[in-house]
Amino acid sequence: MSHFLKNALEGYRPYVPGEQPPDGEDWVKLNTNESPLPPSPKVIEAIKAATDESLRLYPSPTAAPARKAIGEHFGLDADQVALGNGADELIEMCFRAFAGAGDRVAYSTPTYPLLDPLCRVHEVVASTHPTAEEWTWSPEFVDDPAPLKFLINPNSPTGTHHGRMTVERVLGRSRGVVVLDEAYVDFAPESQLGLIGKHPNLLILRTMSKSYALAGMRIGFAFGHPELIAALDAVKDSYNLNRLAIVAAMAAINDDEHHRKIVQHVVSERAWLEDQLSEDGFEHSPSAANFAFVKPPRGASAAAVADALRERRVLIRHYDREPIAGWFRITIGTRRQHERLLEALKEIL
Ligand SMILES: Cc1ncc(COP(=O)(O)O)c(C=O)c1O
C-alpha cells in the first residue's frame, strides 16, 4: 500500500466486497445478498422518465422528495429520516458524527466486516465483544458504555435475530448512540421501528439493496430522533443521492405489492433451501435474513468446497476464521439457482 497512507493505517486491511463477475455471465451468484428477483417495473419506468436533460443539474441536497415519501410510508416525519448512498454510507456518517479519534465503538462479533476497517479509518478503538451461546449478545456488550454502539439485527453472517425485549435492554443500558442496522429486517419476524420516538439515542438503518432489489442504485435510509438525523445531515456529503436514486427510492417505496412479492419469495425459498441442506447433512443456524448460514457435514473443508463450487460457476461466501471457521453464507436465490447449487454440492461432497 502507498507509503503516503497515514501512519494510523499501518497494517490496514480494507473491506473486501464479495466477487462481482461481469454482467451477463451465467453465474449462480449467491455471495452478496442481492435480491434474486428484479426491481419493480415501476422503478425502471421512473428511472427512464427521469433520464433527461435535467441531469445537468445537481439533485436535491437532502433528497427531500424521497425523504418525504419514505417518512410517509413508515408513518414518520421527514425530519426523522436521513438518506444515504446505501446503508454503508449511513454507517460511515455515524462514525463521522458520533465517534471521535480515540473513542470506542462497540459491536458484537462475528458481524458485518465493514465495521473493522471503518474503525481504523476513523482512528477509533474497536470495542468488540464475541457473541455468547447461539450467537447472542453477551452481557458485556449490552453494558458497554461506548459513545457509539452497533446492533446488526438480523446479523450477518449468522442470520441471528434478537427480539424487542433484548433490543430495548441494550438501549436502556447504553450511554451513547445505538445504531440498529436492520438491513435484513424485512425477512425477519419483527422490526423495531416502533421504538423510534421512545428512545432519543436510537438510529435505525435500512437499505433498498435487499428487499427492494436495488443494490445497484445505492439507497439507504435512517430513522431516528430529529436531533440525531440533523447530526447525520451535518456530516454528510453535499449531494449524496443522485437524481436517479431519488426517483427510484420514491417509486420503490410506493410499490408495496412488488416489495411483498420479493420478501415472500425469499422467506419461502430460505425454508426450502435450509430443509434441503439439512437433509444433505448440513448443520444450519436459523436465519432471519435473505441468506442461509450453514456448515457442511463433518470433514469437508469450507474453502475447498467454495473453490470447487466456483469452478462450477456457483459463488457463495465461506469463512475460515473462528468462531465461524467452516461455515457458509448462502444468499437466497431462485429455485433454479438452488437446484444448481445442490447438484454441485452433491458432486463435490
Ligand atoms: C448488515 C449490513 N448492513 C448494511 C449493508 C449495506 O447495505 P447497502 O447496500 O445499502 O450499503 C449490508 C450489505 O450487505 C449489510 O450486510
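Modeller: Let's start with α3, whose buried residues are Ala-87, Glu-89, Leu-90, Ile-91, Glu-92, Met-93, Cys-94, Phe-95 and Phe-98. Keep in mind that this is a predicted model. Nine of the 12 residues in α3 are buried, so the helix is largely enclosed by the rest of the structure. As for its length, α3 reaches 16 Å from its first C-alpha to its last, close to the 16 Å expected at 1.5 Å a residue.

Now for a partner of this helix. α3 (residues 87-98) packs with α7 (residues 226-235), their axes 9 Å apart and the angle about 95°. Angles of 65 to 115 degrees count as roughly perpendicular, and α3 and α7 are therefore roughly perpendicular to each other. On the α3 side, the contact is made by Leu-90, Met-93, Cys-94, Arg-96, Ala-97 and Phe-98; facing them from α7 are Leu-228, Ala-231, Leu-232 and Val-235. Sorted by class, this contact of α3 with α7 has nine nonpolar residues, one charged residue and no polar ones. If you look back at the buried set, Leu-90, Met-93, Cys-94 and Phe-98 are among them, and these four also meet α7.

Next, the pairing of α2 and α8. The axes of α2 and α8 (residues 243-253) come within 8 Å and cross at roughly 20°. Angles under 35 degrees count as roughly parallel, and α2 and α8 are therefore roughly parallel to each other. The crossing of α2 past α8 is left-handed. From α2 you'll find Pro-65, Ala-66, Ala-69, Ile-70, His-73 and Phe-74 in the contact, and they meet Ile-246, Ala-249, Met-250 and Ile-253 of α8. That contact of α2 with α8 divides into nine nonpolar residues, one polar and no charged.

While we're on α8, have a look at Ala-245, which sits in that helix. Ala-245 counts as buried, at 1% relative accessibility. Leaving aside residues up to four places away in sequence, Ala-245 touches Met-217 and Ile-219. Between Ala-245 and Pro-65 there are 180 residues along the chain, yet their C-alpha atoms are separated by 11 Å. Pro-65 is one of the α2 residues that meet α8.

Carry on past α8 and you come to Asn-254, in the loop between α8 and α9 (256-279). Here the side of the story is exposure: Asn-254 counts as exposed, at 59% relative accessibility. Asn-254 and Lys-42 are 212 residues apart in sequence, but C-alpha to C-alpha they are 9.1 Å apart in space.

On to the backbone. Most residues other than glycine have a negative phi, and most peptide bonds are trans. With that in mind, check Ala-63, which isn't a glycine but has a positive phi of about 50°. Ala-63 is in the loop between α1 (41-50) and α2 (64-74). Ala-63 is buried too, with a relative accessible area of 1%.

Arg-313 is another one to click on, with a positive phi near 60° in a residue other than glycine. You'll find Arg-313 in the loop between α10 (302-311) and β11 (314-315). Whereas Ala-63 is buried, Arg-313 is partly exposed, with a relative accessible area of 34%.

Then there are the cis peptide bonds. One joins Asn-153 and Pro-154, with omega about 0°. Another runs from Ser-156 to Pro-157, with omega near 10°. Pro-154 is in the loop between β5 (148-152) and α6 (164-173), and Pro-157 is in the loop between β5 and α6 as well.

Last stop: Asp-116, over in α4 (residues 115-121). Asp-116 counts as partly exposed, at 44% relative accessibility.

Technical notes
Residues numbered from 1 in each chain as written. Predicted model: local features only at pLDDT ≥ 70, side-chain atom pairs only at ≥ 80, totals over all residues. Heavy atoms only, no water. Axes fitted to C-alpha atoms, helices over the stretch in contact; angles between N-to-C directions. Helix = DSSP H or I, 4+ residues; strand = E, 2+ residues; numbered from the N terminus. Parallel < 35°, antiparallel > 145°, perpendicular 65-115°, else oblique. Contact = heavy atoms within 4.5 Å. Nonpolar A, V, L, I, M, F, W, Y, C, P; charged D, E, K, R; others polar. Buried < 20%, exposed > 50% of the residue type's maximum accessible area, 1.4 Å probe, protein only. Expected span 1.5 Å × (residues − 1). Left-handed = near helix turned anticlockwise from the far one by under 90°.
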